[in-house]
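Let's go through this one together, asking at each step what backs up the label. Here is the structure.

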Amino acid sequence: MNLIFIGPPGAGKGTQATAIINKFNIPQISTGDVIRAAIKDQTPLGKKFQEYTNKGELVPDKLVNSLVEDRLGKKDCANGFLLDGFPRTVNQAEALDEMLKNRGHQLDHVLLLEVPDSLLIERITGRRSDPETGQVYHLKYNPPPENIKTRLIQRKDDTEEVLKERLREYHNKTAPLIPYYEKAQLLRRIEGVGSIDDIQKRVFETLR
Ligand code: AMP
């Protein structure tokens with residue numbers, strides 16, 4: 001199963017992705033995670049990425065496309081994959097089409113998690129992650145256990161100010177993917193408002 005998850009920042013893609021990869025036994029490829037790891041290690045590429053992510057801007061297509069191309073070539077993608085946070089521009093979608101064509105693969109579904117902007121600020125600013133396990137929580141909607149609360153960290157770009165720019169980037173550059181995949185008859189719209197369990201049911205219903 002070859003899947004793509006698209007949706008605005010804070011829509012819950014990462015949370016729902018975990019359930020999907022466990023059920024279908026496919027790897028999750030999150031370009032955001034790969035980019036954050038490079039920044040953490042302060043590799044030359046990581047330093048370059050940081051200039052964009054700190055401002056909430058998208059990293060240039062060329063850099064992200066080559067990251068994904070390398071990753072899709074790994075053995076664990078033979079059974080399929082879930083791309084989370086890629087593509088984010090029409091140029092990236094076209095590059096992905098080319099990569100898949102060269103490998104003789106095609107997409108099965110493009111899941112669009114729809115959440116209105118007005119709900120995203122609260123979702124994003126309450127988000128915290130556990131540096132030891134990578135688990136992501138929300139202070140109100142998915143509260144962490146009391147004993148690990150003090151070690152949780154907040155992503156640098158999860159502030160209200162940076163989120164505004166991330167949303168601008170989403171509407172200007174990522175939303176054009178909606179008609180792109182609609183035309184290819186791959187787009188599946190999923191209402192992203194509700195409890196994590198309710199949304200998970202909708203996701204699995206769509207993939208049935
Ligand atoms: P995410 O964790 O998916 O919200 O990504 C965090 C940040 O990484 C984004 O705000 C971008 O700066 C960068 N990023 C992640 N994926 C992409 C992509 N496909 N294209 C460009 N930039 C990306």
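Q: Why is Q42 called partly exposed?
A: Keep in mind that this is a predicted model. The relative accessible area of Q42 is 37%. Buried would need under 20% and exposed over 50%, so Q42, at 37%, counts as partly exposed.

Q: What is said about the phi of Q42, and where is Q42 found?
A: Phi of Q42 is positive, about 55 degrees, although Q42 is not a glycine. Q42 is found in the loop between α2 and α3, just after α2.

Q: What makes Q185 exposed or buried?
A: Its relative accessible area is 63%. The cut-off for exposed is over 50%, so Q185 is exposed. Q185 has its place in the loop between α8 (177-183) and β7 (187-191). Phi of Q185 is near 60 degrees, a positive value in a residue other than glycine.

Q: How do you know whether S129 is buried or exposed?
A: S129 has a relative accessible area of 18%. Buried means under 20%, so S129 is buried. You will find S129 in strand β5.

Q: Which residues is S129 in contact with, leaving aside its neighbours within four places in sequence?
A: They are Q135, V136, L152 and I153. Contact here means heavy atoms within 4.5 Å.

Q: Which residues of helix α2 are buried, and why are they placed on the same side?
A: In α2 (residues 31-40), the buried residues are T31, I35, A38 and I39. They cover an arc of only 100 degrees around the axis, which puts them on the same side of α2.

Q: What do the buried residues of α2 pack against?
A: Their packing partners are β2 (28-30), α3 (44-53), α4 (61-72) and β3 (81-84).

Q: What about helix α6: which residues are buried there, and what puts them on the same side?
A: L120, R123 and I124 are buried in α6 (residues 117-125). Because they cover an arc of only 90 degrees around the axis, they lie on the same side of α6. The cover over these buried residues includes β5 (127-129), β6 (136-138) and α7 (160-174).

Q: Which residues come nearest to the ligand, and what kinds make up the shell?
A: Of the 16 residues around the ligand, T31, R36, E57, G85 and Q92 come nearest. The shell divides into five nonpolar, five polar and six charged residues. Helix α2 gives the most to this shell, with four residues.

Technical notes
Residues numbered from 1 in each chain as written. Predicted model: local features only at pLDDT ≥ 70, side-chain atom pairs only at ≥ 80, totals over all residues. Heavy atoms only, no water. Buried < 20%, exposed > 50% of the residue type's maximum accessible area, 1.4 Å probe, protein only. Helix = DSSP H or I, 4+ residues; strand = E, 2+ residues; numbered from the N terminus. Arc of directions from axis to C-beta. Near = heavy atom within 4 Å. Nonpolar A, V, L, I, M, F, W, Y, C, P; charged D, E, K, R; others polar.
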